[in-house]
Amino acid sequence: QGIDDEIRDLSFAEFKINLSIEDNKLSDLKQEKENLRNEMSLLEKGSAEYIALLERENQINIESVNILRNKIALTQQELASDRYNADQKKELIDTLKQLKQEYVNLQFSIKQQLASVADEIIQIYKNIYEKQKQAALNALDEQMKAEERRHKRATDNIDDGYIGSGIYFIR
């Protein structure tokens, strides 16, 4: 039975190493996301660069979710096997609980981020709409001023006794 124990311990160590590799990937993604956020804070919301960084951040979120799903699946697979002792199974159960909590937290974080992005997009569209509205109002003001000038010239001409067809009238 000594060899079986060693095989079990080596298998468990291999499992932990695989989880550590995935943890390193998650850590790298978290750092990249933090760097993106810092870079985004320097950019104008709605700019092409800002949107490109938002898209990359979304890709990071998807990659992070996939890594966590892999870790959960790996842990469930190991837990389903009968090769571990009671202490190792308890550690697997605890790991699985922790991973599921991380997954829920990540999903919540992503939902909050998406809501924030949606708010940003709404604000960008509001700003665009406001600028378009202001431009339209300015154009109407210019049209009204031009019409007032035309009307004033016409009334001045009438007051001077001239009708547009070249006919003069007598008062």
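**Close-up 1**
Lys152 forms a salt bridge with Asp156, and their closest N and O atoms are 3.3 Å apart. Here a salt bridge is a side-chain nitrogen of Lys or Arg within 4 Å of a carboxyl oxygen of Asp or Glu. Because Lys152 and Asp156 are 4 residues apart in helix α3, about one helical turn separates them. Helices are DSSP runs (H or I, at least four residues), numbered from the N terminus. Lys152 counts as partly exposed because its relative accessibility is 49%, and Asp156 counts as partly exposed at 32% relative accessibility. The classes are set by relative accessible area: buried means under 20%, exposed over 50%, and partly exposed in between (1.4 Å probe, protein chains only). By the rule used here, the count comes to 12 salt bridges.

The model is predicted: local features need pLDDT of at least 70 and side-chain atom pairs count only at pLDDT 80 or more, whereas totals for chains, interfaces and linings use all residues. Residues are numbered from 1 along each chain as its sequence is written, and side-chain values use heavy atoms, with hydrogens and water left out.

A salt bridge links Lys90 with Asp94, with 3.0 Å between the closest N and O atoms. Lys90 and Asp94 are separated by about one helical turn, because they are 4 residues apart in helix α3. Asp94 has a relative accessible area of 37% and is therefore partly exposed. Glu78 forms a salt bridge with Arg83, where the closest N and O atoms are 2.9 Å apart. Glu78 counts as buried because its relative accessibility is 8%, whereas Arg83 counts as partly exposed at 42% relative accessibility.

**Close-up 1. The nonpolar surface patch at Tyr125.**
Ile121, Tyr125 and Ile128 make a nonpolar surface patch of about 300 Å². Patches are made of residues with over 30% relative accessible area and no salt bridge; like charges are joined within 9 Å, and nonpolar side chains (Val, Leu, Ile, Met, Phe, Trp, Tyr) within 5 Å. Accessible areas come from the Shrake-Rupley method with a 1.4 Å probe, and for residues only the protein chains shown count as cover. Tyr125 lies in helix α3, which spans residues 86–159. Tyr125 counts as exposed because its relative accessibility is 57%.

The axes of helix α1 (residues 2–41) and helix α2 (residues 48–80) come within 10 Å and cross at roughly 165°. Helix α1 is therefore roughly antiparallel to α2. Axes are lines fitted to C-alpha atoms, for helices over the stretch in contact, and angles run from 0 to 180 degrees between N-to-C directions. Angles under 35 degrees count as roughly parallel, over 145 as roughly antiparallel, 65 to 115 as roughly perpendicular, and the rest as oblique. The crossing of α1 and α2 is left-handed; a crossing is given this name if the near helix is turned anticlockwise from the far one by less than a right angle, and is right-handed if clockwise. Helices α2 and α3 pack at an angle of about 160°, and their axes are 10 Å apart. Helix α2 is therefore roughly antiparallel to α3. The crossing of α2 and α3 is left-handed.

**Close-up 2. Leu53 in helix α2.**
Leu53 is found in helix α2. With a relative accessible area of 12%, Leu53 is buried. Leu53 and Asp23 are 30 residues apart along the chain, and their C-alpha atoms are separated by 23 Å.

The axes of α1 and α3 come within 13 Å and cross at roughly 15°. Helix α1 is therefore roughly parallel to α3. The crossing in which α1 passes α3 is left-handed. Ile17 lies in helix α1 and counts as exposed because its relative accessibility is 51%.

Notes: Helix = DSSP H or I, 4+ residues; strand = E, 2+ residues; numbered from the N terminus.
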